[in-house]
Structures are given as structure tokens and as C-alpha cells.
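Dear colleague,

Please find below the structure that I am handing over to you. The notes that follow it set out what was found.

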Amino acid sequence: MTADGAVWYVETGDDTKNVLVRFNPETKKFKTWPIPGGGGTVRNMEIDKNGDIWLAESGVGKIARVTIKNATSTQ
């Protein structure tokens with residue numbers, strides 16, 4: 001959960017493209033973004049003190065940093 005109360009998670013799987021999901025509990029709406037790292041399963045996700053989201057993608061040996069801009073203006 002981020003400072004604005006949003007819940008973040010990743011939808012991932014063998015037959016699914018990796019997607020970052022934001023759920024706003026106030027509006028009860030979801031917003032999704034594709035994760036362009038490709039070909040891996042996101043096994044871990046952390047939010048740092050700056051609000052950036054870090055993803056560990058196994059299978060491709062990569063990590064990704066997601067910087068959220070204007071998170072409160074998204075659904």
C-alpha cells in the first residue's frame with residue numbers, strides 16, 4: 001500500500017503478460033499498466049520510502065523500478 005492508500009499488485013503467469021495493477025479503495029477502481037520487461041514472473045515487489053515500486057523478474061534476471069507520477073490523479 002502506498003502513502004495515498006492505493007493497493008498495488010502484479011498479475012503474472014505463464015499464459016499472461018505481466019501487468020502492474022493499482023486499486024483505489026476509495027473509488028473501488030482498478031488501473032493497469034503492462035510491464036515491458038517481458039518473459040519473466042514477478043516474484044517480489046517492494047515500495048521504497050520515495051514511493052517507487054521495485055519489481056524482481058525471475059526468468060529474465062532483471063529488476064525494474066516504477067516511479068509513480070501524480071498517483072492521486074489516477075483512478
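**The loop between E2 and E3**

Lys28 counts as exposed because its relative accessibility is 61%; the cut-offs are under 20% relative accessible area for buried, over 50% for exposed, and partly exposed in between, with a 1.4 Å probe and protein chains only. This residue lies in the loop between strand E2 (16-24) and E3. Strands here are DSSP runs of E with at least two residues, helices are runs of H or I with at least four, and both are numbered from the N terminus. Phi of Lys28 is near 60°, a positive value in a residue other than glycine. Most residues other than glycine have a negative phi.

Before going further, please note that this is a predicted model, in which local features need pLDDT of at least 70, side-chain atom pairs count only at pLDDT 80 or more, and totals for chains, interfaces and linings use all residues. Residues are numbered from 1 along each chain as its sequence is written, and side-chain values use heavy atoms, with hydrogens and water left out.

Glu26 is found in the loop between E2 and E3 as well. With a relative accessible area of 74%, Glu26 is exposed.

Asn24, by contrast, belongs to strand E2 and is buried, at a relative accessible area of 12%. Asn24 and Trp8 are 16 residues apart along the sequence, and their C-alpha atoms are 9.0 Å apart in space.

**Overall composition**

The protein has six strands and zero helices, which gives the pattern β-β-β-β-β-β when read along the sequence. Of its 75 residues, 27% are buried. The protein exposes about 5,200 Å², and carbon and sulfur atoms supply 50% of that area; accessible areas come from the Shrake-Rupley method with a 1.4 Å probe, and for residues only the protein chains shown count as cover. Among contacts between residues at least 6 apart in sequence, 25% join residues at least 24 apart, where a contact means heavy atoms within 4.5 Å.

**The sheet E4-E5-E6**

Three strands form an open, antiparallel sheet in the order E4-E5-E6; two strands pair if DSSP finds at least two bridges between them. Strand E4 (41-47) and strand E6 (62-66) are the edge strands, each pairing on one side only. Neighbouring strands of this sheet are turned by 20° against each other on average, direction ignored; the axes are lines fitted to C-alpha atoms, and angles run from 0 to 180 degrees between N-to-C directions.

Strand E5 (residues 53-58) pairs with E6 in the antiparallel sense over five bridges. Trp54 has Arg65 as its bridge partner in E6.

Thr67 lies in the segment after E6. With a relative accessible area of 43%, Thr67 is partly exposed. Thr67 and Ile53 are 14 residues apart along the chain, and 6.6 Å separates their C-alpha atoms.

**Aromatic pairs**

How many aromatic pairs does the structure hold? There are two, counting rings of Phe, Tyr and Trp (its six-membered ring) whose centres lie within 6.5 Å; planes under 30 degrees apart count as stacked, over 60 as edge-to-face and the rest as tilted.

Trp8 and Trp33 form a stacked pair, at 5.5 Å centre to centre and 20° between the planes. Trp8 lies in strand E1 (residues 7-13) and Trp33 in strand E3 (residues 29-34), so this pair ties together parts that are 25 residues apart in sequence. Trp8 counts as buried at 7% relative accessibility, whereas Trp33 counts as partly exposed at 28%.

Phe23 and Phe30 form a tilted pair, at 4.6 Å centre to centre and 40° between the planes. Phe23 is partly exposed at 22% relative accessibility, and Phe30 is partly exposed with a relative accessible area of 48%.

**The nonpolar core**

Which residues make up the largest nonpolar core? Its eight residues are Ala6, Trp8, Val10, Leu20, Ile35, Val42, Ile53 and Leu55. Such a core is a set of buried Ala, Val, Leu, Ile, Met, Phe, Trp, Tyr and Cys residues joined through side-chain atoms within 4.5 Å. E1 and E5 are the elements that give two or more residues to this core. In soluble globular proteins, nonpolar side chains tend to be buried together.

With kind regards
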